[in-house]
Protein chains: 2
Amino acid sequence: MSVDPVVRPGTGAAVTLRPVTGARIHDGFWAARQRVNREVTIPLGGERVRDSGAFGNLRRAARGGSAEHRGKIFADSDVYKWLEALAWERGRREDDGLARSYAQASELVAAAQCADGYLHTHTQLTGRRRYSDLASSHELYCAGHLMQAAVAGRRATGDETLLRVAARFADHLAKDLPADAIDGHPEVEMGLAELHRETGVAAYLDLAARQVAARGRALIQLKGHHGPGYRQDRVPVAEATTVEGHAVRAMYLAAGAADVAVETSDLDLLAALGRQWRDMVATKTYLTGGLGSNWYGEAFGGHHELAPDTAYCETCAAIGSVQWSWRMLLATGDPAYADLVERTLCNAVLPGVSLDGEHFFYVNALRVRAGADPDDLRSPARGRQGWYGTACCPPNVMRLLSSLDHYLATCDADGVQLHLYAPGTVRAGGVLLEVETGYPWTGRVEVVVKETPGHPWTLAFRIPAWADAAGVDGRPAEPGGYHRVRRTWRPGDRVELDLGVRPRLTAAVPRLDVARGQVAVERGPLVYCLEQADHPGVIVDDLCLAAADLRDAGPVAGLPADVVPVTARGRAHVHREDDGGFPYRAAVAPHEPEHGGPVDLTFVPYHVWANRGAGPMTVWTPMHRP
Amino acid sequence: MSVDPVVRPGTGAAVTLRPVTGARIHDGFWAARQRVNREVTIPLGGERVRDSGAFGNLRRAARGGSAEHRGKIFADSDVYKWLEALAWERGRREDDGLARSYAQASELVAAAQCADGYLHTHTQLTGRRRYSDLASSHELYCAGHLMQAAVAGRRATGDETLLRVAARFADHLAKDLPADAIDGHPEVEMGLAELHRETGVAAYLDLAARQVAARGRALIQLKGHHGPGYRQDRVPVAEATTVEGHAVRAMYLAAGAADVAVETSDLDLLAALGRQWRDMVATKTYLTGGLGSNWYGEAFGGHHELAPDTAYCETCAAIGSVQWSWRMLLATGDPAYADLVERTLCNAVLPGVSLDGEHFFYVNALRVRAGADPDDLRSPARGRQGWYGTACCPPNVMRLLSSLDHYLATCDADGVQLHLYAPGTVRAGGVLLEVETGYPWTGRVEVVVKETPGHPWTLAFRIPAWADAAGVDGRPAEPGGYHRVRRTWRPGDRVELDLGVRPRLTAAVPRLDVARGQVAVERGPLVYCLEQADHPGVIVDDLCLAAADLRDAGPVAGLPADVVPVTARGRAHVHREDDGGFPYRAAVAPHEPEHGGPVDLTFVPYHVWANRGAGPMTVWTPMHRP
């Protein structure tokens, strides 16, 4: 309960909301995933990181001199993200095994550090000149992950092993990093800002601010076909009106820039980030919250370029989006940021790991057709994989699930704001709340005030924009904002929130032409999909919705019993394999394809798809017009 | 008139049709583009190739020893493709300037060749071991282009400078290329087969056949994230049921395999290629004939993965498609292959070069939205560019336009088949035909028999699948086949074909969900589009078609006077910039977006888009439902 949060703005920071001092998920939807994360995924992650050679790199770097470097140039970051997950898990519940793993790995890291504080095993082992290829080397990227892991270690367990390493590295960077040297992959900005928050060292924040300010001036060497936008080096952050390029890089940069903006009270920078965020949400965000339309460059596309099948939607980009939105929420108090956090967590982060905790999606497409190309290991048609050569996503999911408790609630001088609803407890100063709920499967959330100061304060509930039937204690609550209950609370007081969770149909604005004539099923914060496993005898590609009468249904075989599927009446377009030819025909207006007989459609939450084998799947379904 | 054709199957080859011995475009649609190609594009190409350093590489290689190599690893191929264009142009009309350029460049090539016949300037100048990195080195790819250029030189002009170089290289390859050594980028197969046809050397065909047979057995080293499918090394050619991976590589391989199949009478291989072609047409071909859905890997996607905005549709892939389809046409006589040749030439190759001949598209997307990402030089939102760092497309267009005459007609024992309709002459043995037409702007084609043998023979007209109102001499002609006129012809006999060119609406099959609810305008063989230049005051992204009453219209400012635009009544969806938020809303069934007032729509041929500035454009337009 006393773990300091993953993002902790300084006392003078220009924020509207502050993280609570303690929040803990005890049960329900998220707790089940956290349990698997702790018991299965994190131990497996340790093995995979070891097998990838990343520990060996650290060991060889500790010995000094040139030697083989195994794996990717950014292999160190896998270790750091995994260590961060271990740290937050230890904070949630200490455990000898976790503590031992953490101690061993963090000592390896400490031993690998150069005498002057520098640490990047690829550079050390290959003898390449430091900072000579920052466009690709990921030296500062790895440093940023080290810093985040170090802060987690201190906040969750008090362990300072990594903090000393990170501080020495940051001291070195503050002193010796060439002016205008910026990393091709942002990340160090968030790391430096949080390390500053943890240590109070001003130089770390100054360096983070320099990194943000230098960006967008085409200082980074171009490589391959990519223009400067790929590395967010085309337009300065404070002038950009949209997000562009490699989606993970864009999100990490924006999150780090938000940290810098609030710590330096740079309200112009904050306003620019707000504009970019709104443009991203309006024109470059999938229904799932997923980001990145293009495999090429793992990048955002242009406005409204959101094809469901070729979506990249890297799991890491979704995590970066959560990090950015959370910082914007703290800065502004605007609950729209928390809406995106929830949507993204449920539908863009969570699909990244299987229910058994042993398999991972790198790419989270919204449609997989029959006959999808299987050549790339990341192809969603192949299902989740046990690991990847570039293994950024799995340990990123691990650290996020381990620190998810920190995203439940915020506080300000007026009281406490609940953002995510999960069974658990929230401590904010003298307030202790207990939350009971079956959310997101049901909409009822019961909050009990366990401890309270004597003066009046406000308990605010985020009412998601979709929740048009929400109510608090029987009174209607406006969607898309906070419902505030202000009173002098007494221990034992209860408030009942009902978010009115029920299945609904969603359509896209006309400019989103790739979803034209189609609808998606959502239920509460969850986006649903049609999966091949539930539709024997037809191909998902051919299904359409025949009527808008969505109904909650009973459990589906092969999925956890609490998952609520949604059923509806559908039909299948007739696809004639035997008339194979050119798939473009004279249009008969109004053009309506031929339909077969009725089909019972079963929609399941998108985040659980591909847990019963891979196969065709779609989030968007055409509406049949009789 | 006596130029031997670009593809010339051997006398014993298993082909149904044979190329004619002479065909010449004199005027009209294609002649205008050929004139610009000759007068502007080819001279400009020579300068660009020189500026890229490719001639300098040859010069330094001629001196021997290690030295700087400039440009891409496959820079030699730019020289060869440009030389091939020069050769065919010289065959069309000799010219001192062309002859001098050709002589200079071909002597440079000859001088750069190693004593043992090997030639690849990157390998020679860097000292890298030959064939040590065939996955990436493009050594055989360049060799293939050399061979094609050499054959063109001999056939068009009798010049044997390059033929000697190519034959010595091929002799070296036949003797010294390690068994199972295959190039990551197919091309040498076509080159070897044609060199065999030109020289009669059996070893060249044997080597081509070995290259085809070795492929698909995962012999090529994997690089980066790409699986073996990227380089067509996942499934043997004779077993594959579809095309996959890098689209240009796939097309060049298939075309070379077709050459091998007919020369070796390998009917199983030919049947496999036919299956792959039909699958490609049914599931992986854009309406334009463009190929390759993905920027990532410049590759085919899965079945029905044909998003218009993120389409790659590399100009080179379209050219490779023409090469493959033409070979399949010769092999089988099936006019469906010629249908795709025409569609692809008009709508996927021709957009690759501007009307002024000075600018080139690498990528040919079917939709460009407002706010498209401009970061990559290849982004169609930036319009055609003067050249590219990877300059495969521009000289490829040059050589195709220079040899386009060869694709007009074929012959067999029964007579002559006309496939493309252009004003000009066709010579096939004792037959000489003169063709007059304003096609594709009008549908009328007049053919005059100028010379004829005394015995009866058949004049066959390809009736495109779209031509449902075609007639020959007033009698209806079935679309999607040949209309045959058999008689004893006399000089001066005339036949009048009318292809019934008029604007029409086309829709996609339901599985092509990215075009759902939308239609395209076509007119004759041309695909049309809506371009921003013709729609001031509205954004193309918001336009929809309100009625199916398409009409031919008068000339459009800024386009050649013969271009026939098509007009129709439309409307604009209302896009509210100010309600920016999340672009997904509760669906009201039937879901229909809000519309503004009427808009006059002007559709222009897709191949001329972006000649009046770049900007939003779409081939697919939603149908408004009142």
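Tutor: We will look at domains, sheets, helices and cavities in turn. This is a predicted model, where local features need pLDDT of at least 70, side-chain atom pairs count only at pLDDT 80 or more, and totals for chains, interfaces and linings use all residues. Residues are numbered from 1 along each chain as its sequence is written, chains are lettered from A and ligands numbered from 1 in the order in which they are written, and side-chain values use heavy atoms, with hydrogens and water left out.

Student: Into which domains is chain A divided?

Tutor: Domain bounds come from an automatic or database domain assignment. In chain A they give domain 1 (30-291), domain 2 (409-498) and domain 3 (506-622). Between the C-alpha centres of domain 1 and domain 2 of chain A there are 34 Å.

Student: How do I read a sheet, and in what order do the five strands of the open sheet in chain A come?

Tutor: Strands (E, at least two residues) and helices (H or I, at least four) are DSSP runs numbered from the N terminus, and two strands pair if DSSP finds at least two bridges between them. Here the order is S1-S4-S5-S9-S12 in chain A, with mixed pairing. Strand S1 (18-19) and strand S12 (481-487) of chain A each have a single partner strand, so one side of each lacks a neighbour in the sheet. S1(A) pairs with strand S4 (residues 409-412) of chain A in the antiparallel sense, over two bridges. Within this pair, Arg18(A) stands opposite Cys411(A).

Student: Which helix packs on that sheet, touching S1, S4 and S12 of chain A?

Tutor: Contact means heavy atoms within 4.5 Å. Axes are lines fitted to C-alpha atoms, for helices over the stretch in contact, and angles run from 0 to 180 degrees between N-to-C directions. The helix is H13 (residues 315-332) of chain A, whose direction makes about 20 degrees with that of S4(A). Helix H14 (residues 335-349) of chain A lies across S9 (457-463) and S12 of chain A, at about 50 degrees to S9(A).

Student: What joins strands S7 and S8 of chain A?

Tutor: Six bridges join S7 (residues 431-437) and S8 (residues 444-451) of chain A, which run antiparallel. The two form a hairpin with six residues between them, and Thr437(A) stands opposite Val445(A). S8(A) is also joined by five bridges to the antiparallel strand S13 (residues 494-498) of chain A, where Val447(A) faces Val495(A).

Student: And what is the strand order in the open sheet of seven strands in chain B?

Tutor: That order is S2-S6-S7-S8-S13-S10-S11, with antiparallel pairing. S2 (22-25) and S11 (475-476) of chain B stand at the edges, each with a single partner strand, so one side of each has no neighbour in the sheet.

Student: How many cavities does a search of the whole structure find?

Tutor: On a 1 Å grid over the protein atoms alone, a cavity is a set of points where a 1.4 Å probe fits but cannot get out, and lining residues have an atom within 4 Å of a point. Grid points are joined across faces, edges and corners, and a volume is the space filled by probe spheres set on the points. The search finds 18 cavities of 30 Å³ or more. The largest holds about 480 Å³, and among its 33 lining residues the closest to its centre are Trp295(A), Asp373(A), Asn294(B), Gly301(B) and Glu305(B).

Technical notes:
1 Å grid on protein atoms, 1.4 Å probe; cavity = no way out; pocket = protein on both sides within 12 Å on 5 of 7 lines; lining within 4 Å.
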